[in-house]
Amino acid sequence: MILEVIKYGNPVLRKKGVKIEKITPEIKTLIADMFETMYAAKGIGLAAQQVSQALQLTVLDIRGITDRPSTLELNGKETDPEKIMPLVLINPEVKPFGDTVSAPEGCLSFPEIYNDITRPEKLEVRALTEKGETLEFKCGGLLSRAIQHENDHLNGVLFIDRMPRADKEELKDELDELQQKTKAASKK
Ligand code: ZN
């Protein structure tokens with residue numbers, strides 16, 4: 001089922017996700033619905049907050065973007081990042097490392113707003129899969145950036161929080177308008 005993607009201005013986007021203690025049939029349905037919603041919106045990542053659920057859960061699939069490379073190190077070996085796609089991360093713990101890089105980002109909760117965001121290049125990830133198994137890997141490039149963006153959502157952090165102040169200032173009118181539109185829609 002395609003779910004409504006929550007837009008900026010809805011307070012659920014600012015909620016820290018609750019840890020998932022048990023992967024119930026409801027959680028599995030939510031995961032399937034999140035993938036369906038993400039693919040329909042042509043996104044490469046979606047956090048539970050973006051479908052109104054403040055949980056430590058995100059889904060990703062970077063295969064839709066072919067011009068921005070990723071790296072993956074799984075069990076100490078360089079591996080094709082596509083091998084772990086589509087990717088479900090439950091209760092992720094992430095540790096960014098390496099040099100910082102700036103690259104464009106967008107967000108399904110901010111339609112048509114894009115900006116360069118500076119983040120560490122590499123990421124160490126530990127999370128549970130949909131089957132409840134522990135998954136550990138290191139990644140770089142687009143995959144690292146996408147997971148850092150989604151992990152921020154799980155903590156109520158949005159990409160506008162990481163924008164340089166001048167860029168955010170420039171987008172102020174668009175952001176205010178989106179926020180007001182979201183608030184007006186929620187009152188209906
Ligand atoms: Zn986002």
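The following legends describe close-up views of a predicted model.

**View 1**
Seven strands form an open sheet in the order 1-2-5-6-7-3-4, with antiparallel pairing. Strand 1 (45–47) and strand 4 are the edge strands, each pairing on one side only. From one strand to the next, the twist averages 45°. Helix 1 (residues 25–40) packs on the sheet and touches strand 1, strand 2 (57–60) and strand 5. The direction of helix 1 makes about 45° with that of strand 2. Strands of a sheet pair through backbone hydrogen bonds, in either the parallel or the antiparallel sense.

**View 1. The zinc site, with donors Cys107, His149 and His153.**
The zinc ion is coordinated by SG of Cys107, NE2 of His149 and NE2 of His153, at 2.0 to 2.2 Å. Along the sequence, the spacing of the donor residues is C-x41-H-x3-H. Both histidines, His149 and His153, belong to helix 2 (residues 141–154). They lie 4 residues apart, about one turn of the helix. His149 has a relative accessible area of 6%, which is under the 20% cut-off, and therefore counts as buried. His153 is likewise classed as buried, because its relative accessibility is 1% and the limit is 20%.

Strand 3 (residues 70–74) pairs with strand 7 (residues 134–140) in the antiparallel sense over 4 bridges. In this pairing, Glu73 stands opposite Lys138 of strand 7. Strand 3 is also joined to strand 4 (residues 77–79) by 3 bridges, and these two strands run antiparallel. Here Leu74 has Lys77 of strand 4 as its bridge partner. The hairpin of strand 3 and strand 4 has 2 residues between the strands, and Asn75 takes a positive phi near 55° in this hairpin. Which residues of strand 3 lie on its covered face, and which on its uncovered face? Ser70, Leu72 and Leu74 make up the covered face, whereas Thr71 and Glu73 make up the uncovered one. In a regular strand the side chains alternate between the two faces of the sheet.

**View 2. The pairing of strand 6 with strand 7.**
Strand 6 and strand 7 run antiparallel and are paired over 7 bridges. Opposite Glu124 stands Lys138 in strand 7. Lys138 also stands opposite Glu73.

**View 3. Arg119 and its salt bridges to Glu105 and Asp152.**
The side chains of Arg119 and Glu105 form a salt bridge, with an N to O distance of 2.7 Å. This pair links distant parts of the chain, with Arg119 in strand 6 (residues 110–128) and Glu105 in strand 5 (residues 87–107), 14 residues apart. Both Arg119 and Glu105 are buried. Arg119 forms a salt bridge with Asp152 as well, with the closest N and O atoms 3.0 Å apart. Because Asp152 lies in helix 2 and Arg119 in strand 6, the pair ties together parts that are 33 residues apart in sequence. The relative accessible area is 3% for Arg119 and 8% for Asp152. Both values are under 20%, so Arg119 and Asp152 count as buried.

**View 4. Asp152, Arg162 and the salt-bridge network.**
The side chains of Asp152 and Arg162 meet in a salt bridge, at 2.5 Å from N to O. This pair also links distant parts of the chain: Asp152 is in helix 2, and Arg162 is in the loop between helix 2 and helix 3 (165–170), 10 residues away. Is Arg162 buried, partly exposed or exposed? Arg162 is partly exposed, because its relative accessible area of 40% falls between the limits of 20% and 50%. A network of salt bridges links Glu105, Arg119, Arg145, Asp152 and Arg162. In the model, the count comes to 8 salt bridges.

With a relative accessible area of 13%, Asn115 is buried. Leaving aside residues up to four places away in sequence, Asn115 touches Ala103, Pro104, Glu105, Met163, Pro164, Asp167 and Leu171. One of these contacts, Glu105, also takes part in the salt bridge with Arg119.

Technical notes: Residues numbered from 1 in each chain as written. Predicted model: local features only at pLDDT ≥ 70, side-chain atom pairs only at ≥ 80, totals over all residues. Heavy atoms only, no water. Donors = N, O, S within 2.8 Å, 3.2 Å for Na, K, Ca; no water. Buried < 20%, exposed > 50% of the residue type's maximum accessible area, 1.4 Å probe, protein only. Pairing = 2+ DSSP bridges. Salt bridge = Lys/Arg side-chain N within 4 Å of Asp/Glu carboxyl O. Contact = heavy atoms within 4.5 Å. Axes fitted to C-alpha atoms, helices over the stretch in contact; angles between N-to-C directions.
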